[in-house]
Amino acid sequence: MLENKTIAFLGAGSMAESMISGVITAEKMPANQIYVTNKSNANRLLELQSKYGVNALTQSELPFEKVDLFILAMKPKGAEEALLSIKDKIRPDQVILSVLAGITTQFMQDHLNKDQQVVRVMPNTSSMIQESATAVVAGETVTMGHVKLVTELLECMGKVFIIEEDQMDVFTGLAGSGPAYFYYLMENMERVGAENGWEEAKVRQIIAQTMYGAAKMVLEQGEAPASLREKVTSPNGTTASGVEALIKYNGGEAIAQAVLHAANRSKEISKELEGTIVTP
Ligand SMILES: NC(=O)C1=CN([C@@H]2O[C@H](COP(=O)(O)OP(=O)(O)OC[C@H]3O[C@@H](n4cnc5c(N)ncnc54)[C@H](OP(=O)(O)O)[C@@H]3O)[C@@H](O)[C@H]2O)C=CC1
Ligand SMILES: O=C(O)[C@@H]1CCC=N1
């Protein structure tokens, strides 16, 4: 389905680049069917054009009529301006896909024409290497065909999970922001390596391979993390001592709070943009 489609990114930052990279690597559609535009940074557009072969241009140059799917990839606070700027240039059958944290399908619908095809998604930056965990929420009037098209596109970037919109804030806390927690964990493990004389590049490889192996075990063995953890933990051994320290320093709660705070921030962004700020 994708091979004859044309997509346009409105926004050319980290997330747009990760998604472009995923689609190009998947070779499901030619680069010349991908348009990318941003607010003002012309150098960034040239960079994406030369790296991926996509068409980089200003929004006024965008061939709106031939685009099947517009991808909103600016900061959430820019959503309203962006939606209003395209509203009168698009047909209701063209799909507007948003990756913006906190921007609800209702918000999109309210700023577009009635029956506009809208989809809210939450990828992460691992889209770059086709390993995102991406959520999809279908807008109220979106057709199954359009959901299928969006799913096909997002599968170029990793695994896709169709969810209900009331699950999106927590999904964002888990998977949209999730890579950052794992990077933070790795940063701190690297720090210990460095303090103990390890060369940065080497210790980074060791930690990444360890994390990759652990994630792959969960995915491939169908076993719960708690049970896999038990298998690493010998009585009175090194792991038991390490895990005890995690418990002593409230590691589990810190991780849970990271997810909850991110989820809450997602909810808060929605409220702020509706004009009513809620306190967490
Ligand atoms: N980064 C991540 O891990 C993830 C991000 N997201 C969501 O993706 C969105 C983008 O994040 P990220 O890529 O990190 O942000 P960046 O700041 O890296 O990029 C934002 C981009 O939006 C462009 N922009 C701003 N206003 C407009 C506009 N009106 N029309 C078109 N383009 C515009 C900017 O252009 P210029 O530089 O010219 O101003 C820039 O290219 C956010 O809403 C975020 O919630 C979702 C999942 C993960
Ligand atoms: O930090 C953010 O708000 C975005 C959304 C999820 C990941 N990055």
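How do the residues of the shell around ligand 1 divide into nonpolar, polar and charged? The points below take this up along with the rest of the fold.

1. **Confidence.** This is a predicted model. The protein chain averages a pLDDT of 96, and 98% of the residues score at least 70. The scores for the model are ipTM 0.99 and pTM 0.96.

2. Where pLDDT is low, predicted coordinates should not be read in detail.

3. UniProt, in an unreviewed entry, lists residues 6-102 as "Pyrroline-5-carboxylate reductase catalytic N-terminal". In the model this span is 34% helix and 19% strand. Its end C-alpha atoms lie 26 Å apart. The unreviewed entry also lists residues 165-268 as "Pyrroline-5-carboxylate reductase dimerisation". That span is 83% helix and 0% strand, with its end C-alpha atoms 15 Å apart.

4. **The sheet.** The model has an open sheet of 8 strands, with mixed pairing. The order is β3-β2-β1-β4-β5-β6-β7-β8. At the edges sit β3 (55-56) and β8 (158-162), each of which pairs on one side only. Helix α6 (residues 168-176) packs on this sheet, where it touches β6 (117-122) and β7 (132-138). The direction of α6 makes about 45° with that of β6.

5. **One strand pair in detail.** Strands β1 (residues 7-10) and β4 (residues 69-72) run parallel and are joined by 4 bridges. Take Phe9 as an example: its bridge partner in β4 is Ile71. In general, strands of a sheet pair through backbone hydrogen bonds, either parallel or antiparallel.

6. **Ligand 1.** Here is the reply to the opening question. The shell around ligand 1 holds 13 nonpolar, 11 polar and 4 charged residues. There are 28 residues around this ligand, and Gly11, Gly13, Asn38, Met74 and Ala101 come nearest. Two helices, α1 (14-26) and α3 (79-87), each supply at least two residues of the shell. Helix α1 gives the most, with 3 residues.

7. **Ligand 2.** Which residues are around ligand 2? They are Ala101, Thr172, Gly176 and Ser177. This shell divides into 1 nonpolar and 3 polar residues, with no charged ones. Ala101 is listed around ligand 2, and Ala101 is also one of the residues that come nearest to ligand 1.

Technical notes:
Residues numbered from 1 in each chain as written. Chains lettered and ligands numbered in written order. Predicted model: local features only at pLDDT ≥ 70, side-chain atom pairs only at ≥ 80, totals over all residues. UniProt positions renumbered as here; feature names shortened; annotations may be inferred. pLDDT = per-residue confidence, 0-100. Pairing = 2+ DSSP bridges. Contact = placed C-beta atoms within 7 Å. Axes fitted to C-alpha atoms, helices over the stretch in contact; angles between N-to-C directions. Near = placed C-beta within 6 Å. Nonpolar A, V, L, I, M, F, W, Y, C, P; charged D, E, K, R; others polar.
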